[in-house]
Amino acid sequence: MKNYKDKNLSVRVRTEDLLSRMTIEEKIGQLNQLSAKLSDADEMRKNAVQGLVSSRVMASTAFAGNEEQEITGFDEINLLQELALNQSRLGIPLMDGWDIVHGQRTIFPLPLAQAAGWAPELVQRAAEIAALETAEWGVRWTFAPMLDIARDPRWGRIVEGFGEDPYLCAQMAAASVKGFQGESLSDKRRIAACAKHYIGYGMSCGGRDYSACDCSEHELRNTYLPPFKAAVEAGAATVMASFNEIGGEPVTGSKHLLTDILKGELGFQGFVVSDWYAIHQLINQGVAENRKEAAYIAFDAGVDMDMLDLCYSEHLPALIEEGRISKERLDDAVRRILEVKFRLGLFDDPYVDPNASQRIRDEHMEFAKVFAEKCMVLLKNENNVLPLPKSGRKIAVIGPLAEAKRALMGSWTQNKSDEGIQTIVEGVQAAAPEAEIITASSLYDEMLMAAQRAEMVVLVLGESDRRNGEHACIADIELPVGQLELLRAVRRLGKPVVSVICSGRPLVLEEVDHLSDAVLYAWHSGHQTGPAAAEILFGNVNPSGKLPVTFPRTTGQIPIYYNHKPNARQIDEYYYPESTDYFDTTGKPMYPFGYGLSYTTFAYSGLTIDKEKITADEVQTVRVTVTNTGNMEGDEIVQCYLRDCSSALTRPLKELKGFQRIHLAPGASQEVVFTLDREKLGYYGKGGKFCVEPGKFMVYTGGNCLTEMCTQFEIVK
Ligand code: BGC
């Protein structure tokens, strides 16, 4: 006799056996996710015993990582699992979820900053550490990675994703899923990933959160889908449906997007969870008249688990009774959820060890430092003002963020303790103990006095961690009020000025660039922002990050991204419109996608392709040699772009198709090889079909998207 409690049976068999024993009420209970508010503890315990709750969101507001939150601790986690496992009729454990966006105890750079490292292996390692720390907390599911392509830095959530490019984002998506989930979810150190927000949330009209947006299916498939496809292929256990609409249909209610494309075409086997109150919000969006219709629309569309709305538990019983929702659809949703719970091993051991140390491990902190160093981007370095001298010069380290702690951690930081955060000033003191440092960071007149007394100035500017993230949008992406004025005043002192910018999103830096001798974009890089920035400032580390998103010159240039479509009037190959569309500014961005400087220089030579003509099913190989022509060892991020020159539908002027981070000693050279296969050569063409079309293709290699080093080949029939 098969029994789902038997650990030796396969997940499939256990799931089917359990499903066959469940009542409709118990099945609907598995679709129900509640908030882990402490105030609801009694209610929650009752629900666990009655099998009416499947999961908890470890947050009490929708601004999880941004608010102090009241969430239950180990005792409550273990008690609830004990009640669910031993006192409910069938003993189905809970599967709690938490927004672990860039670390749990050890805080890494924000995802947008992580993308600036162009190192999927580091993203994977960070997710692996975050998984371990989250699992040690008793939670086995994260609502991450966020895979929304975002091209509007006014939108606060741009910080949660990996930037503007589908290929870069797809690489990071796969790395992140592998890091969270590992080889097997049954490993107690791993957690289930949730690819979110499927799909198009990053289009955010005008940079406003939760706004209506729209795009064609062509754009959807070619720009927004690739990261989700990569996450599904990497085995993401869950997907979150997004709030936004596409083509007049909220994604939460779109059978086409959730069932046909995600579960059908992409073959997604896990379950779909709604976003916070998104089912109920179908009423606000005007497509559901009431909560019952909202439940019907979302469930029929393919949303399996209801986050907080209680729409499913209230209305699915009647909808099933009335025959509007089939028992097969109910079983399909429950099966998907149970399978993930079985795969996580929750039926066999859902408990957390309350005695496990919750301290940050040194090795995690060390890795966080290396990661932060790789993510920071040197934007300007005139006359080699950087690296700074380690002794002999008096250096003022000033600015509103010079001694900040929380701000450096960034939004969506679940670790609310200040322990272990080092400021930029502390980082500088550690990186250059001999240096004579003067600091001031609160009163502007004191900052100026410090600058006056010094020979060089490091001015630390940027955003608070609360000025970005969910529902934290700004209309103008200038530095916060007063900071430019401070920079202007410091500049007037006539000393070398190095601006260090700590932010989650791109800011407009035209004047900062103009007034500074050097600019280092340090992002909100988590615990190790201070030490990592300091190592770079003093040359202990050679900067190597490159921008994963275009930095506009003015807010009015938004949207501006490198991989745009051709302009009907401009026949030249402009990657950003050169002969401007505006009378009052250039069409060029401040810093292009893929851009970042080093303390050394790299030369590219010998770009070749293997074959001048290939068929659509053949693979093209691209080779280029990179040489370190400077005096310091360093990393270069070698990029490969493609342009499909003649196609049935328009294609972007350039598209990233490969990158490699390489390390070169002074004088050393390395050949870097890229392969272009069917997936990279093709696109979703007419009728949404993936195709590789014959014709001319240009291949570019270089250190950022503006590279002109190119060759060409042809795809023949
Ligand atoms: C956000 C999601 C998040 C959820 C749970 C929502 O408001 O949009 O990204 O996972 O809250 O915290």
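Student: Where does Arg553 lie?

Tutor: Arg553 lies in the loop between α21 (529-537) and β15 (602-609). Helices (H or I, at least four residues) and strands (E, at least two) are DSSP runs, numbered from the N terminus. The model is predicted, so local features need pLDDT of at least 70 and side-chain atom pairs count only at pLDDT 80 or more, while totals for chains, interfaces and linings use all residues. Residues are numbered from 1 along each chain as its sequence is written, and side-chain values use heavy atoms, with hydrogens and water left out.

Student: Why is Arg553 called buried?

Tutor: Buried means under 20% relative accessible area, exposed over 50%, and partly exposed in between (1.4 Å probe, protein chains only). Arg553 has 18% relative accessibility, so Arg553 counts as buried.

Student: Which residues does Arg553 touch, not counting residues up to four places away in sequence?

Tutor: Contact means heavy atoms within 4.5 Å. By that rule Arg553 touches Val508, Glu510, Thr585, Thr586, Lys588, Pro589 and Met590.

Student: What makes the pairing of the Arg553 and Glu510 side chains a polar contact?

Tutor: A polar contact is a pair of N or O atoms within 3.5 Å; within protein, one must be able to donate a hydrogen and the other to accept it, and residues adjacent in sequence count only if both atoms are side-chain atoms. The side chains of Arg553 and Glu510 make such a contact at 2.8 Å. The Arg553 side chain also reaches the backbone oxygen of Lys588, at 3.2 Å.

Student: Is Glu655 buried or exposed?

Tutor: Glu655 has a relative accessible area of 15%, so Glu655 is buried. Glu655 lies in strand β19 (residues 655-664). Its contacts beyond four places in sequence are Tyr562, Cys640, Tyr641 and Leu642.

Student: Which residues are closest to the ligand?

Tutor: A residue is near a molecule if one of its heavy atoms lies within 4 Å of it. There are 13 residues around the ligand, and the closest are Asp99, Arg157, His197, Asp275 and Glu470. For Asp275, a side-chain N or O atom is 2.6 Å from a ligand oxygen.

Student: How many aromatic pairs are there?

Tutor: Rings of Phe, Tyr and Trp (its six-membered ring) pair if their centres lie within 6.5 Å; planes under 30 degrees apart count as stacked, over 60 as edge-to-face and the rest as tilted. This rule gives 27 aromatic pairs. Tyr198 and Phe228 form an edge-to-face pair, with 5.3 Å centre to centre and 85° between the planes. Tyr198 is in strand β3 (residues 194-198) and Phe228 in helix α9 (residues 226-233), so the pair ties together parts 30 residues apart in sequence.

Student: Why is the pair of Tyr210 and Phe243 called edge-to-face?

Tutor: The planes of Tyr210 and Phe243 stand at 90° and the ring centres are 5.2 Å apart, so the pair is edge-to-face.

Student: What makes Tyr210 partly exposed?

Tutor: Its relative accessible area is 34%, so Tyr210 is partly exposed. Phe243 has 7% and is therefore buried.
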